[in-house]
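Open the model in a viewer and keep the sequence panel beside it. The stops below say what to select next and what is there.

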Amino acid sequence: MNITYETNLYCLIGNPIEKSLSPIIHNSIFEIFDRNCVYLSFNINGEDLENTINAFRAMKVKGFNVTIPHKKNIIKYLDDITTEAKIMGAVNTVKNENGKFVGYNTDGEGFIQTFSNNNIDLKDKNILLLGSGGAAFSIGVTLAMQDINSIYIGNRNIESCILLKEKINSINNKIITNVDNLQLENIDKKSIDIIINSTPIGMYPMEDMSPIELNGYSKETIVYDIVYKPLETKLLYESKLKGFKVFSGISMLLNQAILSQKIWFDLKEINFKIIEKLAGNLSSYVE
Ligand code: NAP
């Protein structure tokens, strides 16, 4: 690329960010769309967050992404946030709108987008959500805005399951919600349409582990593991052996990035077909 005075800077701030794929993804999208932009990542400590945002304001940075551990703390330094980001209590995308920094959250939408990209209707679906951490929260809140039937949340720590259940029902009290530990002792497996893993089980150093065993689920079950390194986790490998339809976390990761760019560049339509091209660019980084 040709960097000039007119090149616009987009960034990621987080800590640690060394292994983040965002620079590769965003710079690839810039290249595909021939944008005069560059995306860089910065490792920022909590005590430097305010100074960083002030520096971004002074530099008139057009947009940036925010990742762990700053997704919540960033909010107090922004001028406004969207209703969705407010409900999630977290921001992952910031846009400079005429000098004002506005916070968005594309995590949940990035997840949901996989279903629309694959023509899968979420209406009346019964969902098993494993994990109730930050990613599960974004997914749960976004699912609560869909026309699904039920969410069964399984997690090691029941307290955070209960918080997520309460959040989901505060958004949509028609959704049937249940909480359990990861043994899932009370679940009706045959009723489950979609299993989502939002725990890091399956990711390094737990590559040899799967969060649940898959006997007893219907042949039509869809399994979505949001872990993307490795691309095929043990859960996805075993799901494929059972004949289940599977999605890897790379899909959510790419969708989120594309949705951030939709916000930054006011795109009306986005062609998610570019995902195949992006996934090709990424494959050597995730194996
Ligand atoms: P988080 O906020 O730390 O939450 C982790 C969740 O997993 C918690 O519910 C935690 O349970 C559970 N957990 C952690 N270690 C466990 C273990 N050894 N056994 C059982 N449960 C365990 O993390 P997060 O931000 O939600 O991220 C979770 C995973 O999703 C990570 O692997 C991350 O890389 C991936 N992710 C992917 C994308 C994507 O775009 N594809 C986006 C975000 C996150 P407790 O409450 O009991 O601690």
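This is a predicted model: local features need pLDDT of at least 70, side-chain atom pairs count only at pLDDT 80 or more; totals for chains, interfaces and linings use all residues.

Residues are numbered from 1 along each chain as its sequence is written, and side-chain values use heavy atoms, with hydrogens and water left out.

**Stop 1: the parallel sheet**

Select β9, β8, β7, β10, β11 and β12, which in this order make an open sheet of 6 strands with parallel pairing. Strands here are DSSP runs of E with at least two residues, helices are runs of H or I with at least four, and both are numbered from the N terminus. Two strands count as paired if DSSP finds at least two bridges between them. β9 (176-180) and β12 (245-248) are the edge strands with a single partner each, so one side of each has no neighbour in the sheet. From one strand to the next the twist averages 15°; angles run from 0 to 180 degrees between N-to-C directions, and axes are lines fitted to C-alpha atoms, for helices over the stretch in contact.

Opposite L128 is I195 in β10.

α6 (residues 158-171) lies across β7, β8 (150-154) and β9, and runs at about 175° to β9. α8 also packs on this sheet, where it touches β11 (222-225) and β12, and its direction makes about 50° with that of β12. Contact means heavy atoms within 4.5 Å.

**Stop 2: the mixed sheet**

Next, select β2, β1, β3, β5, β6 and β4. In that order, these 6 strands form an open sheet with mixed pairing. β2 (37-43) and β4 (80-81) are its edges, each pairing on one side only.

Strands of a sheet pair through backbone hydrogen bonds, either parallel or antiparallel. For an antiparallel pair, pick residues 93-97 (β5) and 100-104 (β6), which share 5 bridges. T93 faces Y104 of β6 across this pair.

Helix α2 (residues 49-58) lies across β1 (8-14), β3 (63-66) and β6, at about 170° to β1. On this sheet α8 touches β1, β2, β3, β5 and β6, and its direction makes about 10° with that of β5.

**Stop 3: backbone details**

Where do the cis peptide bonds lie? Select I68 and P69: the bond between them is cis, with omega near 10°, and P69 sits in the loop between β3 and β4. Then select Y204 and P205, where the bond is also cis, with omega near 0°; P205 belongs to the loop between β10 and β11.

N119 is not a glycine, yet its phi is positive, at about 55°. Find N119 in the loop between α4 (107-117) and β7.

**Stop 4: the ligand**

Show the polar contacts (pairs of N or O atoms within 3.5 Å):

- A backbone N or O atom of G249 is 2.9 Å from a nitrogen atom of the ligand.
- A polar backbone atom of N157 is 3.2 Å from a ligand oxygen atom.
- A backbone N or O atom of L253 is 3.4 Å from an oxygen atom of the ligand.

On its own the ligand has 920 Å² of accessible area, and the protein covers 74% of this. The areas come from the Shrake-Rupley method with a 1.4 Å probe.

Note on methods: A polar contact is a pair of N or O atoms within 3.5 Å; within protein, one must be able to donate a hydrogen and the other to accept it, and residues adjacent in sequence count only if both atoms are side-chain atoms.
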